[in-house]
Amino acid sequence: MNQEDFIDPTEYVLDWFYGLPPGHREQLARTYWTIAGNDVNNVFLSGDEVVEKFEAVILQPDFPIRRIARLVQLRAMIDFIFEYFHNLELFSLSQAFSFVSLEQEGDTNVGVVSFGDKQWERDIRNWQSLWVNELSNDALDAWLHNMNVNEGL
């Protein structure tokens with residue numbers, strides 16, 4: 001394979017993330033920061049701010065091995081969110097982490113979307129497919145090997 005054949009794994013994650021409806025992007029980012037963040041003020045970020053902060057985790061420049069490690073951590077957290085909050089037995093807890101953005105509080109027509117709703121099923125399947133195919137361990141190893149050979153790392 002040529003170096004051009006190797007797509008940066010973060011591009012796959014960003015393509016998936018940007019393919020989500022805007023409300024889903026915000027909800028996922030907000031849930032991620034509520035659970036994984038170490039700053040309680042993350043709860044009060046606007047929708048745009050919480051999405052930008054989430055994107056920054058993915059886009060943070062670093063050594064290839066650290067970028068892969070960050071993606072694996074991100075995968076684990078998103079897998080946890082989807083599995084835990086999609087489980088009907090745990091739905092009462094998932095409701096606690098379903099947010100309406102602060103900008104929408106006064107709007108009585110806004111519904112809070114649970115990760116257990118049908119509209120998330122496609123997004124969750126696409127996420128799982130991404131990690132079985134484009135971001136499998138073998139694919140990540142190949143990209144990392146290519147980076148080490150071509151970048152001299």
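Predicted model: local features only at pLDDT ≥ 70, side-chain atom pairs only at ≥ 80, totals over all residues.
**Entry 1**

**Entry 2: the overall layout**

Next I stepped back to see the whole protein. I count 7 helices and 0 strands, and from the N terminus the elements read α-α-α-α-α-α-α. Of the 153 residues, 37% are buried. I also checked the contacts with a separation of 6 or more: 69% of them are between residues 24 or more positions apart.

**Entry 3: more salt bridges**

How many salt bridges does the structure hold? I get 6. One of them joins Arg30 to Glu26, with the closest N and O atoms 3.3 Å apart. These two are 4 residues apart in helix H2, which means about one helical turn separates them. I note as a general point that an α-helix has 3.6 residues a turn, so residues three or four places apart point the same way. Both Arg30 and Glu26 are buried.

I then turned to Asp62, which forms a salt bridge with Arg70; here the closest N and O atoms are 3.5 Å apart. Is Asp62 buried or partly exposed? I put Asp62 down as partly exposed, because its relative accessibility is 24% and the cut-off for buried is under 20%. Arg70, with a relative accessible area of 13%, counts as buried. Arg66 comes in as well: Asp62, Arg66 and Arg70 are linked in a network of salt bridges.

**Entry 4: Arg25, a charge without a partner**

I wanted to see what Arg25 does in helix H2 (residues 22-36). Arg25 is buried but has no salt bridge; Glu55, the nearest side chain of opposite charge, is 5.8 Å away. A salt bridge needs the atoms within 4 Å. What lies 2.9 Å from a polar atom of the Arg25 side chain? I find the backbone oxygen of Tyr18 there. Setting aside neighbours within four places in sequence, I list Phe17, Tyr18, Leu20 and Val51 as the contacts of Arg25.

**Entry 5: one side of helix H1**

Phe17 made me look at helix H1 (residues 9-19), where the buried residues are Pro9, Thr10, Val13, Leu14, Trp16 and Phe17. Why do I place them on the same side of H1? Because they cover an arc of only 160° around the axis.

**Entry 6: aromatic rings**

I find 8 aromatic pairs in the structure. Among them are Phe17 and Phe54, with ring centres 4.7 Å apart and planes at 35°, so I log the pair as tilted. Phe17 lies in helix H1 and Phe54 in helix H3 (residues 47-59), so this pair ties together parts 37 residues apart in sequence. Phe17 and Phe54 are both buried.

Phe54 also pairs with Tyr32: the ring centres are 5.2 Å apart and the planes are at 85°, so this pair is edge-to-face. With Tyr32 in helix H2 and Phe54 in helix H3, the pair ties together parts 22 residues apart in sequence. Tyr32 is buried, as is Phe54.

Terms used:
Residues numbered from 1 in each chain as written. Heavy atoms only, no water. Buried < 20%, exposed > 50% of the residue type's maximum accessible area, 1.4 Å probe, protein only. Lys, Arg positive; Asp, Glu negative; His and termini not counted. Polar contact = N/O pair within 3.5 Å; in protein donor to acceptor, adjacent residues only side chain to side chain. Contact = heavy atoms within 4.5 Å. Arc of directions from axis to C-beta. Phe/Tyr/Trp six-rings, centres within 6.5 Å; stacked < 30°, edge-to-face > 60°.
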